[in-house]
Amino acid sequence: MAVIIFDFDGTIADTLAAIAEIANRLAPLFGFSPAGPEKIKFFQTLSTQQLLQQSEISVFKLPFLLRRVKTELRREIQQLNLIPGVRDALIALSNEGHTLGIVTSNSADNVHLFLKKHDLADLFSFIHTGTALFGKSKVLKQVLRRNQLNADQVLYIGDETRDIEAAQKIPIRVVAVSWGFNSHQVLMSKKPDFLIDHPNELMQIVTQLEGVKCSR
Ligand SMILES: [Mg+2]
């Protein structure tokens, strides 16, 4: 494996509760109803497209809402936690000589502040931020092209159905993680190459893929 690319929110950073709270605070301003815990649980069982259809948010207002959420998140990003187990997994992968990167729709400010706070910035060789909600496949493709990588040298790790779809569009292998926003079940329905429930399963997958390559 040459390059392991991570999503940020919900995959590395435990930002989802904070984002939900901010979105609820902004709800009146953007014309949708705030979601309680039950509604949020339901939203997690939906694909990204289904969620947008159900959410009452106008597609025209959506980019403005997302931008506003990221601006508000900047105030609290340094107080937010890493997903338990992610630090060890990242360090182990890096120690094995794998290249790590991030491709995220969140802002550069938020990602850099968070990584610095948790002393993880040095682990990542590249960080692409501000990707459009459905624009990750374009950015992933650019990473492949710019670094002259073959699809089988790259692995994408993400917590949402749109992450799986972005990887499948290229196609590159994708690991869906159930510790973030989307439920295990809806992730499964999108048929990722791997679906894991704990960060310590990552190393096993990477080692397994390396083995496949060596035996060819
Ligand atoms: Mg995410």
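1. **Basis.** The model is predicted: local features need pLDDT of at least 70, side-chain atom pairs count only at pLDDT 80 or more, and totals for chains, interfaces and linings use all residues. Residues are numbered from 1 along each chain as its sequence is written.

2. **Overall form.** The protein chain has ten helices and six strands. These elements are DSSP runs, numbered from the N terminus: helices are H or I with at least four residues, strands are E with at least two. The C-alpha atoms fill a box of roughly 55 × 35 × 30 Å, taken along the principal axes. For 216 residues, a compact globule would have a radius of gyration near 17 Å; the protein chain has 17 Å, so the two agree. That radius is taken over C-alpha atoms, and the globule rule is 2.2 Å times the number of residues to the power 0.38.

3. **Domains.** The domain assignment gives domain 1 as 3-14 + 82-214 and domain 2 as 16-78. The bounds come from an automatic or database domain assignment. Between the C-alpha centres of domain 1 and domain 2 there are 22 Å. Their contact takes 20 residues from domain 1 and 13 residues from domain 2. Two residues count as in contact if their C-beta atoms, placed from the backbone, lie within 7 Å.

4. **The domain 1 side of the contact.** Helix 6 (108-117), helix 8 (161-169) and helix 9 (184-189) each supply at least two residues of the side that touches domain 2. Helix 6 gives the most, with five residues. By class, this side of domain 1 has five nonpolar, nine polar and six charged residues. Here Ala, Val, Leu, Ile, Met, Phe, Trp, Tyr, Cys and Pro count as nonpolar, Asp, Glu, Lys and Arg as charged, and the others, Gly among them, as polar.

5. Six strands form an open sheet with parallel pairing, in the order 3-2-1-4-5-6. Strand 3 and strand 6 (194-196) stand at the edges with a single partner strand each, so one side of each is left without a neighbour in the sheet. From one strand to the next, the twist averages 20 degrees. Axes are lines fitted to C-alpha atoms, for helices over the stretch in contact, and angles run from 0 to 180 degrees between N-to-C directions.

6. Strands pair if DSSP finds at least two bridges between them. Strand 1 (residues 3-6) pairs with strand 2 in the parallel sense over four bridges. V3 has T99 of strand 2 as its bridge partner, and I5 stands opposite G101. Strand 1 also pairs with strand 4, again in the parallel sense over four bridges. On that side, V3 has V154 as its bridge partner.

7. **Strands 2 and 3.** Strand 2 (residues 99-103) and strand 3 (residues 124-128) are parallel, with four bridges. The bridge partner of L100 is F124, while G101 stands opposite F126.

8. **Strands 5 and 6, and helix 8.** Three bridges join the parallel pair of strand 5 (residues 173-177) and strand 6. V177 has I196 as its bridge partner. Helix 8 packs on the sheet, touching strand 4 (154-158) and strand 5, and its direction makes about 175 degrees with that of strand 5.

9. **Backbone points to check.** Which bond joins I170 and P171? A cis peptide bond, with omega about -5 degrees. P171 sits in the loop between helix 8 and strand 5. D119 has a positive phi of about 60 degrees although it is not a glycine. D119 is found in the loop between helix 6 and strand 3.
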